[in-house]
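Subject: Handing over the structure

Hello,

Here is the structure I promised to pass on. Please open it alongside this email, and then read my notes on what I found.

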Amino acid sequence: MRRRNRLLLGLFGVLTAAGVVFAVVLSRDAACPPAAALSQTGDSMQAIRVHCYGGTEALRLEHVPRPVPAEGELLVRVRAAGVNPLDWHYLHGKPYVMRLSSGFGRPENPRAGVDFAGTVEAVGPAVDGFKPGDRVFGAASGAFAEYVVVDASRSVVQIPDNIDFEQAAAVPIAAITALQALRDAGRLQPGQKVLINGASGGVGTFAVQIAKALGAQVTGVSSARNTELVRSLGADHTIDYAQEDFTRGGPRYDLVIDNVGNHPVAALRAALQPEGTLVMVTGPKDNPWIGPVGRMLATRLTASFASQTQVTLFASANKDDLAVLRTMLEAGSVRPVIDRRFPLDQVPQAIEFLEQGRTRGKSLITMGD
């Protein structure tokens, strides 16, 4: 028995030491290489690149070779790009667990930005449904640049005629997240009562409108300065979080979409009907190591003791959902809310503004004509 205990203790010690070493490796930032000189040639373009993890000082405007579309790809001239919390997380490499895929020490992919809208400049072999001159929007790595290469079979669709480039660029990641939170994770049905915590941000402004389009009765939670905005998007009721805590008494909801993460899970459940659903769409800033994974595991452990359904959403950009959103944009049931616009050389300022957490809707990077 003693020998077995010693073996177990030894194994625990080895695993603990390995975990500490692994954590140190994950969190270690490699030094940034010296900035490259800006030298433009005829086949180059301006682009934001990230060669190391860190703050906005790691964002660099460079002249890089203009990409050439391969088989099944489009070359898109970017006219506008959306700014997302996702961009902040990749810049900082946090939560550290994401470095398992993004790269140890420094990013394996130096390209920055995801949401884009622009015109098709060229098409590679075997591309159907797109031609040069088409106006398109979607999600692809490297959107903070004058040109971006996009897989034509994935997250890209044509812009409806009644939507401009800036409006289209505000849509992809935020609106897809809102759609999947309500329709897929939340299984929202017409007539149900839904509360959206963080109703004036990027995901929230789309969630209010999509929930109304799906036939829900919507309550939006925001600051006092944004309640009129939330109401203008179609919310039936608004709550100023500084004056009222929706988790303490008051109505109960069939679905709660949490975009903020400022309440414990138990408190959020208290705002639900007995058979209601909680969908957590929260940023991982609060835990630099595993981000929302810790909250997700805690939710899984407590789920068996609750009658409500609890889901942590990890949204995924795809062509089908972009097509759904395109239809909503065309019909006028969804309209993007745009806060500020920044030129390409001010991406650092755009990220800093995002970090303040006061963006109404979305901010954009604009390329001009």
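Start at Ser153. Apart from neighbours within four places in sequence, Ser153 is in contact with Gly72 and Lys319. Contact here means heavy atoms within 4.5 Å. Ser153 sits in the loop between strand 6 (147-151) and strand 7 (156-158). Its side chain makes a polar contact of 2.7 Å with the side chain of Asp151. A polar contact is a pair of N or O atoms within 3.5 Å; within protein, one must be able to donate a hydrogen and the other to accept it, and residues adjacent in sequence count only if both atoms are side-chain atoms. Ser153 counts as exposed because its relative accessibility is 53%. The cut-offs are these: buried is under 20% relative accessible area, exposed is over 50%, and partly exposed is in between (1.4 Å probe, protein chains only). Ser153 and Val127 are 26 residues apart in sequence, and their C-alpha atoms are 8.4 Å apart in space.

A word on the basis. This is a predicted model, in which local features need pLDDT of at least 70 and side-chain atom pairs count only at pLDDT 80 or more, while totals for chains, interfaces and linings use all residues. Residues are numbered from 1 along each chain as its sequence is written, and side-chain values use heavy atoms, with hydrogens and water left out.

The whole chain

The protein chain has eleven helices and 15 strands. These are DSSP runs numbered from the N terminus: helices are H or I with at least four residues, strands are E with at least two. Of the 369 residues in the protein chain, 50% are buried. Among its contacts with a separation of 6 or more, 68% join residues 24 or more positions apart. The accessible surface of the protein chain is about 17500 Å², and carbon and sulfur atoms hold 53% of it. That area comes from the Shrake-Rupley method with a 1.4 Å probe; for residues, only the protein chains shown count as cover.

Buried positions

Which residues does Thr219 touch beyond its neighbours within four places in sequence? They are Val194, Leu195, Ile196, His237, Ile239 and Tyr253. Thr219 lies in strand 9 (residues 217-222). Thr219 is buried because its relative accessibility is 4%.

Ala112 is in the loop between helix 3 (99-102) and strand 4 (115-123). Why does Ala112 count as buried? Because its relative accessibility is 10%. Leaving out residues within four places in sequence, Ala112 is in contact with Ile48, Val50, Gly142, Ala143 and Phe144. Asp87 is 25 residues from Ala112 in sequence, and the two are 7.0 Å apart C-alpha to C-alpha.

Ala185 belongs to helix 5. At 15% relative accessibility, Ala185 is buried. Not counting residues up to four places away, Ala185 touches Gln180, Thr277, Val279, Val311 and Leu313. Its C-alpha is 9.5 Å from that of Thr309, 124 residues away along the chain.

Asn259 is in the loop between strand 11 (253-258) and helix 8 (265-270). Asn259 is also buried, at 17% relative accessibility. A polar atom of the Asn259 side chain lies 3.4 Å from the backbone oxygen of Gly198.

In helix 11 (residues 347-355), the buried residues include Val347, Pro348, Ala350, Ile351, Phe353 and Leu354.

Positive phi

Just after helix 11, Gly357 has a positive phi of about 70 degrees. Ala126 is not a glycine, yet it has a positive phi of about 65 degrees. Ala126 is in the loop between strand 4 and strand 5 (135-139). Ala126 is exposed, at 60% relative accessible area. Arg187, not a glycine either, has a positive phi of about 50 degrees. Arg187 is in the loop between helix 5 (172-185) and strand 8 (193-197). Its relative accessibility is 62%, so Arg187 counts as exposed.

Best wishes
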